[in-house]
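Dear colleague,

I am passing on the structure below, and I would be glad if you could read it alongside the notes that follow.

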Amino acid sequence: MTTGELREPLTDQGRTAGDVLLDVSGLTVEFERRRQPPLRAVDDVGFRVRRGTVVGIVGESGSGKSMTANAIMRLLPSGGRIVSGEITFGGTPLLGLREEAMRQMRGKRIAMIFQNPMTSLNPAFTIGRQMTDMMVHHERLDRDAAMTRARELLQSVGIPAVDRQLAAYPHQLSGGMRQRVIIAMALSCRPDLLIADEPTTALDVTIQAQILELLDEIAADPARAIVFISHDFGVIARMCDEVVVMYRGKIVETGPVARVLSEPEHPYTRALLGAIPRPGQRGQRLATVEDQIGATQPLGARR
Amino acid sequence: MLAGYVARRLVGAIPVLLGVSLVVFLAMQLVPGDIAKALLGPLATQETVEEFRHYLGLDRPLPEQYVNWLWRALHGDLGRSFSSNMPVTDLLVDRLRNSAILLAGSLVIAIPLGIAVGLISAIRRDTPFDRVTMGATLIAANIPTFVFGLGLVILFAVQVKWFPVQGMVDLRGEGGRFDLLKHLVLPAVTTAIPPAAIIARMVRSTMLETMSQEYIKAARANGLPERTVTLRYALRNALPPIVTISGLQIGFLLGGAVFTEYIFAWPGVGDALYKGILSRDIAVVQGAVLVVAVWFVLVNLAVDVINLALDPRARG
Ligand SMILES: Nc1ncnc2c1ncn2[C@@H]1O[C@H](COP(=O)(O)OP(=O)(O)O)[C@@H](O)[C@H]1O
Ligand SMILES: [Mg+2]
């Protein structure tokens, strides 16, 4: 393992950016409310995601990160509505698609993984069944072929005893294993874009580091892009090339991760950076971020 | 593992049934007045009454009466009906068969109807269909049987004469399945509507609850078709409470069809119970209540076994 040894996340994640895969502009999402003007959860949000890169969305809880992601998937909770904006994915304007065409995008071209691995797998079906359902549907594979691919996928995300896991129900797996399964599922139809909404927030520190490492490997594919959502600047710094800082539904700052970390322009960004726990309480801001990155690595002594 | 569970549950049901039998037995002791006297009528002499009490075993101490009654009940002897002079067991077997026909008829309506209406309401939440059906189910779940049953009779038996007013068979006709079916429709609908409404409401609420779960959101994000998401991913997880509530309704239906059986002169267990109470036919009442209680225990057991089979956690 690469424990402790820092790469240079502050300047460059070492990735090469390709063409623009996702282009969001002027995105505004509102929720209807009774006897009140609608609640604006996402307000005029715009950013671009190039192939081969990881773009982070960071902000405190309730700042509109998830609703931005859900809007891209066109899966807003009931009452929520995209009131304006454009979302272009691989040249296709998503907001103009018919529902059926959009559904074909989900899972196949754009995959999403959610925060809580304990609740995002169907408790009544085996892992194998859930993984193959998706491939049978999108890739028109038969069950056997899908099962073979599921086996390979689970191996590729570092799951041991693959056949046993395929026959297992979600409750029989640990949180870390489930998140690996969910990631494997998200990759099963080889999507171009992966949206990860707080994928490690519900996991404990050791497991979190392992999952981040896995996502890092996935990000190495130059054809793919990842939108990585987190409220934790430390994790963003570890994972992303560019970052979008959100506050109350608006983007307050955006730019390459290293630049935003070293010279945050907006006071909110500075406050967010200040909120990173500093184990050693060293003087410099950069050092605190490094500490945080250190803390996300496996800590043999801690557990 | 399932077999072991069933065995354990069956053993566990024994104290419940003993308790029920004791309550049934004691409740009949609370009936005011002397039963022997009541049965023999006002002209009987004191001597005859005493003799009859002795014949019935009513002069024995209560615990002894109970043990004797229970012992005979365990051997299939529930005593004799005073009013018809038939062995209660024979009478109840007949009644049970008739009740089973009515029960089957109403289940065939109640369960599919309840599930279908509940599902559609959940999927079309807050649409006019949902609002209207939920209003209707609220009324249907609480409507008194005789109001609804008599309403059906007036409409479909008296006004348009599609179905017979009463009974299980047409005494002047040739009988047969079709005749029975024709007689079955109105009572079956009458008994089916309240449970169907209750099941529909339960299906709707558990489906809405399930559809708000994150794995449903995830299934949608994976691009699974809406039909797969609702009918396979969501419904499968909503099943246990639906099985439970349906089981409860099935449990109630046997004894709860009293009014329906009365209105439609359907000679089932409920009708026997009702008439038994009116004529103080103790043995019939005891037997009928016991049958209803055993049925309830069995249905409950079936519900628990099905839910256990549905729960992947139980498979270890
Ligand atoms: N289902 C919903 N109904 C109404 N408002 C919602 C709903 N979900 C989120 N919101 C509102 O949208 C805003 C942004 O939420 P969200 O995107 O989930 O925040 P984040 O993911 O950054 O924590 C919140 O202020 C919240 O009040
Ligand atoms: Mg969120």
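**The contacts of Asp241(A)**

The side chain of Asp241(A) reaches the backbone nitrogen of Val54(A) at 2.7 Å, which is a polar contact (a pair of N or O atoms within 3.5 Å, where within protein one must be able to donate a hydrogen and the other to accept it, and residues adjacent in sequence count only if both atoms are side-chain atoms). Before going further, please note that this is a predicted model, in which local features need pLDDT of at least 70 and side-chain atom pairs count only at pLDDT 80 or more, while totals for chains, interfaces and linings use all residues. Residues are numbered from 1 along each chain as its sequence is written, chains are lettered from A and ligands numbered from 1 in the order in which they are written, and side-chain values use heavy atoms, with hydrogens and water left out.

Asp241(A) sits in the loop between α8 (233-239) and β9 (242-247) of chain A; helices (H or I, at least four residues) and strands (E, at least two) are DSSP runs, numbered from the N terminus. With a relative accessible area of 15%, Asp241(A) is buried, where buried means under 20% relative accessible area, exposed over 50%, and partly exposed in between (1.4 Å probe, protein chains only). Leaving aside residues up to four places away in sequence, Asp241(A) touches Gln13(A), Arg15(A), Thr53(A), Val54(A), Pro256(A) and Val257(A), a contact being heavy atoms within 4.5 Å.

**Chain A as a whole**

Chain A contains 11 helices and 10 strands, and 54% of its 303 residues are buried. Of the contacts in chain A between residues at least 6 apart in sequence, 67% join residues at least 24 apart. The chain exposes about 13100 Å², of which carbon and sulfur atoms supply 49%; accessible areas come from the Shrake-Rupley method with a 1.4 Å probe, and for residues only the protein chains shown count as cover.

**Nonpolar cores**

The largest nonpolar core has 52 residues, and Met131(A), Ile183(A), Leu215(A), Phe228(A) and Phe233(A) touch the most other members; such a core is a set of buried Ala, Val, Leu, Ile, Met, Phe, Trp, Tyr and Cys residues joined through side-chain atoms within 4.5 Å. Helix α6 (residues 175-187) of chain A provides the largest share of this core, 7 residues. Ile183(A) touches Ile113(A), Val157(A), Ile211(A), Leu214(A), Leu215(A) and Ile218(A), again not counting residues up to four places away in sequence. Apart from this core lies another, of 38 residues, which includes Leu21(A), Leu22(A), Val55(A) and Ile229(A).

The residues surrounding ligand 1 are Phe31(A), Leu39(A), Ala41(A), Glu60(A), Ser61(A), Gly62(A), Ser63(A), Gly64(A), Lys65(A), Ser66(A), Met67(A) and Pro77(A), a residue being near a molecule if one of its heavy atoms lies within 4 Å of it. This shell divides into 5 nonpolar, 5 polar and 2 charged residues, with Ala, Val, Leu, Ile, Met, Phe, Trp, Tyr, Cys and Pro counted as nonpolar, Asp, Glu, Lys and Arg as charged, and the others, Gly among them, as polar.

An oxygen atom of ligand 1 is 3.1 Å from a polar backbone atom of Gly64(A), an oxygen atom of the ligand is 2.9 Å from an N or O atom in the side chain of Lys65(A), and a backbone N or O atom of Met67(A) lies 2.8 Å from an oxygen atom of the ligand. The protein covers 64% of the 560 Å² of accessible area that ligand 1 has on its own. The elements giving two or more residues to the shell are β2 (36-50) and α1 (65-73) of chain A, and α1(A) gives the most, with 3 residues. Helix α1(A) is itself mostly covered, as 8 of its 9 residues are buried, including Lys65(A) and Met67(A).

**Positive phi values**

Most residues other than glycine have a negative phi. Just after α1(A), however, Arg74(A) takes a positive phi of about 55°. Ala161(A), with a phi near 45°, is found in the loop between α4 (143-156) and α5 (162-167) of chain A, and at 41% relative accessibility it counts as partly exposed. Arg248(A), with a phi near 50°, lies in the loop between β9 and β10 (250-256) of chain A, and at 63% relative accessibility it counts as exposed.

With best regards
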